[in-house]
Amino acid sequence: MNAMTTRAEHQMQFLFALRSKGVTDARVLTAMEKTDRAMFVTGHFADRAYEDMPLPIACGQTISQPSVVGLMTQALQVNPRDKVLEVGTGSGYQAVILSHLARRVYTVDRHKTLMNEARAVFQTLDITNLTAFTADGSHGLPDQAPFDRILVTAAAEDPPGPLLAQLKVGGIMVLPVGQSDSVQTLIRVTRSETGFEYEELRPVRFVPLLEGLGKD
Ligand code: SAH
């Protein structure tokens with residue numbers, strides 16, 4: 001992008017791309033407008049932060065495509081009083097967006113390196129309603145459960161049992177499911193008094209939800 005392009009122009013293009021891909025919820029758009037994606041992308045990809053594409057981050061992981069972040073956040077229907085769990089902190093970008101929408105956000109990643117980098121950004125931004133843990137998020141966070149909303153940003157073959165168990169009645173979980181090497185489906189799970197309802201939202205492609213802690 002042209003070096004003379006101002007941050008305001010970047011923002012306009014960025015928001016336009018989000019809207020044209022179906023992100024129309026005003027609260028979600030405002031939260032994304034407040035969250036500068038350039039803070040979450042380092043190295044030689046930093047100048048592509050405002051493009052609607054996934055980008056590589058440390059530990060062989062990726063920061064998701066902004067329009068996918070927007071559509072997932074929108075599908076989660078976060079209310080201002082909600083306690084939210086995100087599994088797959090990665091760069092921390094999605095977690096910060098959620099922190100602008102919810103009362104309390106917990107985020108977990110299995111890589112310590114990513115967690116340290118994300119925590120540094122959370123501190124710089126002075127976000128006080130967001131807590132980050134290094135852990136295998138497929139077990140959820142039993143000490144903080146139950147949650148009003150759960151967002152998983154790595155693909156499992158099926159919704160992990162502990163996450164379903166940690167969802168409140170009336171709660172919503174959004175996650176990609178499917179094999180890691182093929183097209184996955186973004187689904188929304190809603191918990192009712194009597195069970196779980198499943199809706200298929202769209203095809204997506206995410207890194208796999210892996211077991212245990214990462215080596216770095
Ligand atoms: N939400 C991130 C992008 C996530 S990429 C962002 O906004 O940047 C997926 C992340 O899920 C990776 O960082 C990966 O380390 C993490 N992950 C994969 N399996 C996991 C598990 N079992 N528990 C916690 N994190 C996991």
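Colleague: Which backbone N or O atom lies 2.6 Å from a nitrogen atom of the ligand, I mean, in which residue?

Modeller: That atom belongs to L210. Keep in mind that this is a predicted model.

Colleague: OK. How much of the ligand's accessible area does the protein cover?

Modeller: On its own the ligand has 580 Å² of accessible area, and the protein covers 99% of that.

Colleague: How many residues surround it, the ligand?

Modeller: There are 27 residues around the ligand. The closest are S91, D109, D136, G137 and L210.

Colleague: What about side chains? How far is the side chain of D136 from a nitrogen atom of the ligand?

Modeller: An N or O atom in the D136 side chain is 2.8 Å from a ligand nitrogen. The side chain of E86 also has an N or O atom placed 3.0 Å from a nitrogen of the ligand.

Colleague: Changing topic. At what angle do helix 1 and helix 2 cross?

Modeller: Roughly 145 degrees, and their axes come within 11 Å. Helix 1 covers residues 7-20 and helix 2 covers residues 26-34.

Colleague: Is that crossing left-handed or right-handed?

Modeller: The crossing of helix 1 and helix 2 is right-handed. On the helix 1 side, the contact is made by R7, Q11, F14, L15, L18 and R19. Helix 2 contributes L29, M32 and E33.

Colleague: And by class, what sort of residues are in that contact?

Modeller: The contact of helix 1 with helix 2 has 5 nonpolar, 3 charged and 1 polar.

Colleague: Now the backbone. Where is the cis peptide bond that has omega of about 5 degrees?

Modeller: It joins A145 and P146. P146 sits in the loop between strand 5 (130-134) and strand 6 (147-152).

Colleague: What is phi of C59?

Modeller: Near 60 degrees, which is a positive value in a residue other than glycine. C59 is in the loop between strand 1 (55-56) and strand 2 (62-63).

Colleague: And Q77, where is that found?

Modeller: Q77 is in the loop between helix 3 (66-76) and strand 3 (83-87). Phi of Q77 is positive too, near 50 degrees.

Methods
Residues are numbered from 1 along each chain as its sequence is written. This is a predicted model: local features need pLDDT of at least 70, side-chain atom pairs count only at pLDDT 80 or more; totals for chains, interfaces and linings use all residues. Side-chain values use heavy atoms; hydrogens and water are left out. Axes are lines fitted to C-alpha atoms, for helices over the stretch in contact, and angles run from 0 to 180 degrees between N-to-C directions. Helices (H or I, at least four residues) and strands (E, at least two) are DSSP runs, numbered from the N terminus. A crossing is left-handed if the near helix is turned anticlockwise from the far one by less than a right angle, and right-handed if clockwise. Contact means heavy atoms within 4.5 Å. Ala, Val, Leu, Ile, Met, Phe, Trp, Tyr, Cys and Pro count as nonpolar, Asp, Glu, Lys and Arg as charged, and the others, Gly among them, as polar. A residue is near a molecule or strand if one of its heavy atoms lies within 4 Å of it. A polar contact is a pair of N or O atoms within 3.5 Å; within protein, one must be able to donate a hydrogen and the other to accept it, and residues adjacent in sequence count only if both atoms are side-chain atoms. Accessible areas come from the Shrake-Rupley method with a 1.4 Å probe; for residues, only the protein chains shown count as cover.
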